[in-house]
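Subject: Structure handover

Hello,

Please find the structure below. My notes on it follow.

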Amino acid sequence: MNKKQPSVSENAIKRFEYSQDQIIDKPFNWAQMLRLFSYMKPYRKNLLPFSMIMVLINTAVRLIIPLLIGVYTLDRAIVNKDAKLLTTLVVIISGLYVASYIANFFRIKWMNQLGQNVIYDLRKHLFTHVQNLSHRFFDQRSAGSILVRIMNDINSLQELFTNGVINLLMDVILLIGVMVILFTLSPELTLAIMVILPIMFFISTSLRRNIRKSWQVVRLKQSKLNSHLNESIQGIRVTQSFTQEQENMAFFDGVNTENFQSWREASQKNAMFRPMVELTNAVGTAVLIWFGASLIQNESITIGEFVSFAFYLGMFWEPISRLGQVYNQLLMGMASSERIFEFLDEKPIVSQKDTAIEINNIRGHIEFAEVEFAYNSDRKALKGISLEMRAGQTVALVGHTGSGKTTIANLISRFYDPTSGSVSIDGIDLKDVSLKSLRKQIGVVLQDTFIFSGTIMENILFGNPEASEEEAKEAARAVGANGFIERLPNGFETEVEERGNVLSVGERQLISFARALLADPKILILDEATASIDTESEQKIQNALKTLLKNRTAVIIAHRLSTIRDADQIFVLDHGEIIEQGNHEQLMNFQGEYYSLVRAQFTMNTAS
Amino acid sequence: MEVFKKLKEFYWPYKSYFLWSMSFLLLITGITVIYPIILQITIDDIVLGGRYEWIPIVSLGFVGVMVIKGLGTYIHQYTGDLFGITSVYKLRNRLYEKLQYLPFRYYDNAKTGDLMSRLTADVEGFRFFLSFGFSELIRFIVLIGITFGVMFYYSVPLTVVTLITLPFLAVVVYKFDRAVHPAFRGIRKSFGKLNTKVQENISGINTVKSLSREDFEIGKFNHSNGDYKDKYIFTSNIWAKYFPLMELLGNISVVLLLSYGGYLVIQEELKPGELVAFYSLVWYIMWPIMNLGFVINLFSQSKASGERLLEILEAEGEIEENEGQLMVDRLLGRVEFKNVTFKYTEDDSEALYDVSFVAEPGKKIGLLGATGSGKTTITQLVTRFYDVIEGEVLIDGEKVNNYALKSLRSNIGFVLQESFLFSSSIKANISYGRPEATMEEIIDAAKRAQAHDFIMELPDGYDTMLGERGMGLSGGQKQRIAIARAICVNPSILILDDATSAVDMETEYKIQQALHEVMKGRTTFIIAHRISSLKHADEILVLDRGKIVERGVHEQLVNQNGLYQRVYDIQYQDQKQIMQSHIG
């Protein structure tokens with residue numbers, strides 16, 4: 001058993017760093033528990049009481065059987081040689097077993113139904129809530145961290161709601177029942193055996209908690225290991241390009257060793273658990289034999305009672321162990337539910353007034369009046385912007401990264417509310433308009449086109465589910481996307497993925513154009529993609545744009561000279577302010593910031 | 001068993017753990033049946049036989065035996081765990097090493113998610129089996145065997161009558177197992193789907209919100225959410241159907257025991273204590289059989305896991321296997337392709353067909369062509385990420401296959417279209433290819449990549465952490481760090497694979513300027529869609545479906561009436577019009 005054990009070198013382990021969750025042990029919080037359990041309320045008249053009744057029947061049978069077997073069957077029938085009584089008892093016991101069988105069947109069925117329904121409701125509630133939160137919520141969090149709450153945190157409550165709560169009831173009854181029965185049989189023997197109860201409670205709570213903590217360390221190490229594995233696979237081309245395989249292996253060996261060591265420590269503690277339990281039971285049995293046998297000797301108890309005692313003694317551990325488990329589940333549930341409630345307590349920042357009106361047939365006249373906006377308190381993204389975009393115009397927003405172009409677009413869709421000032425469409429303040437009807441009028445084509453997994457048809461229809469497939473194909477044709485789609489093996493029914501390789505960047509862009517065209521919005525916001533698209537796609541996109549912009553107010557965050565030049569109005573932004581405005585001709589003649597931006601681009605393309 | 005034989009090298013060195021674990025397992029399983037025997041002795045000999053003087057010996061002896069069992073259990077479990085985790089430690093290191101060296105060809109077809117599930121779930125399955133599964137199987141067999149022995153010793157007819165339910169139990173267990181595993185797979189699959197739905201929704205939340213399709217998304221989610229619930233309830237119904245039934249069969253045995261055993265005691269053919277002992281012993285047989293399905297399933301799962309792991313371990317690492325030995329400190333950077341033909345896989349059409357060219361040291365080669373025309377392939381053959389099928393790739397007159405990979409690649413700097421940065425500090429990312437680089441060298445590289453200024457504006461400067469816990473950088477910033485990373489190794493050959501595509505015009509302009517400086521004195525391959533990035537190249541190769549269709553310098557190509565000129569016209573006609581009147 002003296003194998004060379006791995007050890008960690010300090011330096012190798014610092015090559016990469018990954019975020020680590022903290023080990024949390026939340027104190028018990030009644031208010032939070034009550035809030036959590038309020039999700040059981042809808043089932044208080046059916047599933048909850050029904051499964052409780054089944055649990056009670058089951059528990060009662062389990063309590064009675066040892067008594068029947070020990071005291072009645074053994075003492076009165078067998079030792080007294082009463083064959084008739086034996087037959088009667090066997091019939092009774094069989095009956096009880098059958099009852100327990102039926103009760104068990106329904107118990108498992110209903111308890112799981114209850115638990116799964118609660119989990120379903122909770123997850124639905126959380127998802128619906130998150131879905132309606134504002135952009136700011138999503139800005140502040142990574143997609144992964146939101147996902148973990150909706151999926152894993154909720155799942156970690158599953159066991160608590162399925163088995164935990166109801167088992168709690170069963171176990172308490174079982175424990176009390178056993179003690180009552182034992183006391184009636186023989187108070188002194190009961191007291192003697194009770195010695196082991198505190199030890200059992202200790203093992204079930206304190207030792208187990210200790211063990212659980214070391215498993216948490218293991219999990220942390222493991223997630224670090226997995227994070228690195230994931231990253232190293234994704235970055236493998238970089239690693240091989242820079243021939244860093246050896247260096248990475250040294251790092252991995254370090255993480256792997258840490259993982260190994262945490263396992264070993266956890267295992268050292270964990271392996272104590274079973275022996276301790278068994279040993280405690282053995283002490284109880286020894287006390288029973290010693291004291292019980294002498295009680296039989298002076299005839300204070302019968303053999304049957306002694307046997308019953310032995311059976312009941314074996315029944316102590318299970319409920320105590322499970323109580324410890326439920327306690328642990330509750331503690332873990334605390335941590336999860338806290339994270340879940342944190343999301344549920346989050347309010348949408350952009351909220352809809354009760355008196356909000358529906359706007360349906362707008363012209364598309366947009367006006368900003370003295371609009372100020374800050375993403376966070378220390379930096380203003382917009383400083384007193386006033387502008388007007390007339391219905392049907394194409395407006396280009398030009399400026400450096402961070403000048404406020406995207407912010408203006410976001411305010412038009414009301415993804416955020418201005419800190420001060422107002423944004424209006426057709427003279428109506430956006431705050432008075434229902435969000436849904438507003439966004440129906442606005443189409444947004446983002447720089448990073450998002451493709452949902454599903455068919456291309458589904459992706460185009462995402463813009464307007466009421467549209468027919470014919471209309472969707474028509475839209476694709478209008479933006480020139482039909483060509484490549486029809487060349488795909490399954491045409492419009494080709495399955496695509498979020499990051500799949502089926503489509504090129506340009507093709508994704510064309511699909512999102514088709515999506516926007518199908519939605520047929522009055523206002524179109526276009527964050528022009530700059531990703532290098534091969535020249536033929538680029539030409540298609542140029543043509544598609546012409547189709548797309550017709551008869552709409554278009555706000556374009558522009559990079560392409562061609563779109564900028566054709567715009568009716570150009571706003572040049574700098575640090576949240578409009579510094580120049582006018583059309584291309586005017587601005588070029590003005591020879592200001594716009595002029596130098598265009599010139600820089602031109603220089604790059606021509607001179608050296 | 002073939003699978004376990006092949007994986008032997010990972011666990012066999014630690015066989016002593018296993019042997020210890022097994023010996024103690026035999027010991028403690030033997031001790032398990034002592035409890036009913038003690039009970040029997042107490043009743044039959046002490047109480048009924050009146051040998052009350054035995055009490056202290058029996059009680060203390062029992063505790064003593066249980067102490068031994070406790071120690072034995074501890075050692076059994078701990079050495080069993082050690083056996084699993086040391087084997088898996090070794091296995092993980094080997095898997096990782098393998099992954100580091102697998103060629104690009106392998107990763108072209110591999111999915112990260114799939115590899116990850118092998119590296120996590122399958123490795124864990126293998127460990128669990130080593131630590132727990134195998135010994136559990138042995139324990140069951142030993143326990144059932146010993147228990148039978150004891151029961152037969154007490155009474156053969158009673159054993160037979162009591163265990164008459166056993167075949168029925170076996171059938172139920174078998175049926176349960178057949179039903180429950182597919183159901184569990186259903187749950188996992190449904191959960192995976194739900195997970196994908198939510199993930200996609202959150203990643204695409206901007207699209208959802210701007211098209212105000214929240215309700216639609218909620219509907220879709222509820223569908224998956226409901227499916228998950230249904231799958232779960234379906235599974236628990238299987239549970240509800242079979243589990244109480246198994247218990248009932250066990251209980252029927254108890255009833256049989258009581259009736260026939262009670263009758264035997266009344267007939268004085270059996271002692272009361274033996275009857276009580278039987279009551280415990282019955283469950284020593286019933287429980288293992290109820291769990292047998294679980295253990296057998298564990299076995300088949302770990303076999304499947306082992307197979308999936310072997311697929312990685314046995315994947316062909318063709319490039320490493322014939323690695324050359326030639327070590328060179330510094331290459332000059334003369335790259336020559338002689339009639340190179342290449343296919344990614346057997347069935348593919350040629351990615352490159354009969355390509356020949358020479359890049360003299362310090363020259364710039366521009367590569368233009370549509371997606372899939374073979375531009376990237378050329379650069380990947382220079383770095384020997386793949387081996388050619390026909391023809392030769394020569395660097396400084398020597399075949400690339402003759403160089404040691406490390407020697408070859410450390411002379412080449414690669415900037416990819418999507419710059420991948422690691423979860424580490426900016427400093428460590430820049431020096432990724434040369435961990436021993438000094439701070440001055442790192443800063444110098446960053447300056448030349450036009451990255452120094454924005455790095456200094458970050459709160460922690462060069463120590464700023466990137467990746468999941470770190471700063472979110474813009475595409476242009478990431479790209480400049482990737483360029484700095486390539487410069488930091490001071491390569492003789494620089495490859496820019498569409499390096500400026502993911503950034504806006506203004507950043508592209510900055511990067512172009514940075515690159516201008518960087519390319520000096522290095523043989524550079526530039527892959528680009530924009531003429532502006534290529535026009536100053538010493539030679540431009542225009543590729544179409546793996547063939548070089550045009551070559552020359554910008555001034556020649558632009559009048560050749562070919563692909564190059566067409567691309568040029570599209571990109572420039574606009575600008576010419578716009579500019580003519582203003583900038584002259």
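Helices (H or I, at least four residues) and strands (E, at least two) are DSSP runs, numbered from the N terminus. With that in hand, start at the end of one helix. Helix 11 of chain B is followed by E268(B), which has a positive phi, near 60 degrees.

This is a predicted model: local features need pLDDT of at least 70, side-chain atom pairs count only at pLDDT 80 or more, and totals for chains, interfaces and linings use all residues. Residues are numbered from 1 along each chain as its sequence is written, while chains are lettered from A and ligands numbered from 1 in the order in which they are written.

Confidence

The model scores ipTM 0.83 and pTM 0.80. The mean pLDDT (the predictor's confidence in each residue, from 0 to 100) of chain B is 86. In chain B, 94% of the residues reach 70 or more. Among the elements of that chain, strand 1 (residues 335-342) of chain B has the highest mean pLDDT, 93. Helix 13 (residues 318-321) of chain B has the lowest, 56.

The two chains

Chain A has 21 helices and 12 strands. Chain B has 23 helices and 10 strands.

The radius of gyration is taken over C-alpha atoms, and the globule rule is 2.2 Å times the number of residues to the power 0.38. For the 608 residues of chain A, a compact globule would come out near 25 Å, but chain A has 36 Å. For the 584 residues of chain B, the rule also gives a value near 25 Å, but chain B has 36 Å. Along its principal axes, the C-alpha trace of chain B spans about 120 × 60 × 50 Å. The C-alpha atoms of chain A fill a box of roughly 120 × 60 × 50 Å.

A residue is buried if 20 or more other C-beta atoms lie within 10 Å of its own, exposed if 12 or fewer, and partly exposed in between, with C-beta atoms placed from the backbone. Buried residues make up 44% of chain A and 45% of chain B.

Two residues are in contact if their C-beta atoms, placed from the backbone, lie within 7 Å. Among contacts in chain A between residues at least 6 apart in sequence, 80% join residues at least 24 apart. In chain B, residues 24 or more positions apart account for 79% of the contacts with a separation of 6 or more.

Helices of chain B

Helix 11 (residues 214-266) of chain B has 53 residues. From first C-alpha to last, helix 11 of chain B reaches 76 Å. That is close to the expected 78 Å, where the expected span is 1.5 Å times one less than the number of residues.

Helix 9 (residues 166-203) and helix 12 (residues 272-313) of chain B pack at about 30 degrees, with their axes 10 Å apart. Axes are lines fitted to C-alpha atoms, for helices over the stretch in contact, and angles run from 0 to 180 degrees between N-to-C directions. Residues of helix 9 of chain B in this contact include L169(B), V173(B) and F176(B). Among those they meet in helix 12 of chain B are M286(B), I289(B) and L292(B).

Positive phi in chain A

Most residues other than glycine have a negative phi. T243(A) has a positive phi, near 40 degrees. T243(A) sits in the loop between helix 9 (236-241) and helix 10 (245-297) of chain A. T243(A) counts as buried because it has 20 C-beta neighbours inside 10 Å.

Q591(A) is not a glycine either, and its phi is positive, about 55 degrees. Its place is the loop between helix 20 (584-590) and helix 21 (593-605) of chain A. Q591(A) has 11 other C-beta atoms within 10 Å, so Q591(A) is exposed.

Best wishes
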